[in-house]
Amino acid sequence: MPAITYPIDTEAPAPALPAIDQLNHLIRGRRSVFPQHFSGEVVPREQVEMILENAHWAPTHGRTEPWFFHVYSGEGLAQFGELHAKLYKQHAPADQFSEVKYETLRTKPTHCSHLIVLCMKRGSNEKIPVIEEIESVACAVQNMALTVAALGLGGYWGSGGMTYHPALRDALGLGPDDQVLGLFHLGVPKAAPAQGLRKTPWTEHVAWHE
Ligand SMILES: Cc1cc2nc3c(=O)[nH]c(=O)nc-3n(C[C@H](O)[C@H](O)[C@H](O)COP(=O)(O)O)c2cc1C
């Protein structure tokens, strides 16, 4: 199967591959691309909307659609960085506070085209376990990541800093039963990402019962 070449020329006719080969190519070729590898170009709004619309087509138990995305771009990127760093400074235990981490949290968003804060908003249907709401958001994020790859863009799901701290959840106006699940950093890659790696073959993760 040919490797994905970046940037993908979205104007070019689709390669004459059967749909299943295109899907395999996309799934296996998707890579996490980190902000230091972004070019600084801004992803067009229509593409960001397509990414978010595809996220919305993830499956949910009970049609709860529990995802919510705060999308930062332009001046919003620096504002989010300031907020994230400020919360870290306020809440990190004094003996664990790192000035380097503070600066990274503050400036990293500014290297992105867009920063999408991945949230789970708990619905009112208590029959649906929280874990299923989180699983649905993860499905939505994978839709997002595959769309990003198909567009020849780059991104990654980060869960560092204050991601799981209630202070970030509260600052974003989420409720006590809601959760921040990560930060999706989106940008235009400067170059093709490195070859993907898996430590184990997929066959080690499967037990057949025939
Ligand atoms: C829930 C989740 C949280 C992640 N958090 C981080 C993170 O905090 N920092 C990081 O460098 N990568 C993070 N990643 C990305 C992984 O590092 C990346 O997916 C992994 O290295 C595999 O690379 P690939 O996505 O190119 O296949 C996270 C991925 C997931 C699914």
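**Exercise 1. Work out how the strands of this predicted model are arranged: in which order do they form the open sheet, and in what sense do they pair?**

Solution. Start with the overall layout. The open sheet holds 4 strands, ordered β1-β2-β4-β3, and their pairing is antiparallel. Next, look at the ends of that order. β1 (67-73) and β3 are the edge strands with a single partner strand each, so one side of each has no neighbour in the sheet. From one strand to the next, the twist averages 20°. Please keep in mind that this is a predicted model.

**Exercise 2. Walk across the sheet pair by pair: how many bridges join β1 to β2, β2 to β4 and β3 to β4?**

Solution. Take the pairs in turn.

- Step 1: β1 and strand β2 (residues 114-120) run antiparallel and are joined by 7 bridges. Here Val71 stands opposite Ile116, and His70 stands opposite Val117.
- Step 2: β2 pairs with β4 over 7 bridges, again in the antiparallel sense. Ile116 has Phe184 of β4 as its bridge partner, while His114 has Leu186 of β4.
- Step 3: β3 and β4 run antiparallel with 5 bridges between them. Gly155 stands opposite Leu186 of β4.

Now put the steps together for two residues. Ile116 faces Val71 and also has Phe184 as a bridge partner in β4. Leu186, in turn, is the bridge partner of His114 and stands opposite Gly155.

**Exercise 3. Describe the packing of α2 against α5: at what angle do the axes cross, and within what distance do they come?**

Solution. Two packed helices are described by the angle and the distance between their axes. For helix α2 (residues 45-55) and helix α5 (residues 130-150), the axes come within 7 Å and cross at roughly 145°. The crossing of α2 past α5 is right-handed. Then list who makes the contact: α2 supplies Met50, Ile51, Asn54 and Ala55, and α5 supplies Ala140, Val141, Asn143, Met144, Thr147 and Val148. Sorted by class, this contact has 7 nonpolar, 3 polar and no charged residues.

Finish by zooming in on Ala55, a residue of helix α2. Ala55 has 22 other C-beta atoms within 10 Å, so it is buried. Leaving aside residues up to four places away in sequence, Ala55 touches Trp67, Ala140, Val141, Asn143 and Met144. Ala55 and Ala145 are 90 residues apart in sequence, yet 8.8 Å apart in space, C-alpha to C-alpha.

**Exercise 4. Find the shell around the ligand: which residues surround the ligand, and which strand gives the most to the shell?**

Solution. Collect the surrounding residues: Arg31, Ser32, Tyr156, Trp157, Gly158, Ser159, Gly160, Gly182 and Gly196. By class, the shell has 2 nonpolar, 6 polar and 1 charged residues. Strand β3 (residues 154-158) gives the most, with 3 residues.

Methods:
Residues numbered from 1 in each chain as written. Predicted model: local features only at pLDDT ≥ 70, side-chain atom pairs only at ≥ 80, totals over all residues. Near = placed C-beta within 6 Å. Helix = DSSP H or I, 4+ residues; strand = E, 2+ residues; numbered from the N terminus. Nonpolar A, V, L, I, M, F, W, Y, C, P; charged D, E, K, R; others polar. Pairing = 2+ DSSP bridges. Axes fitted to C-alpha atoms, helices over the stretch in contact; angles between N-to-C directions. Left-handed = near helix turned anticlockwise from the far one by under 90°. Contact = placed C-beta atoms within 7 Å. Buried ≥ 20, exposed ≤ 12 C-beta atoms within 10 Å, placed from the backbone.
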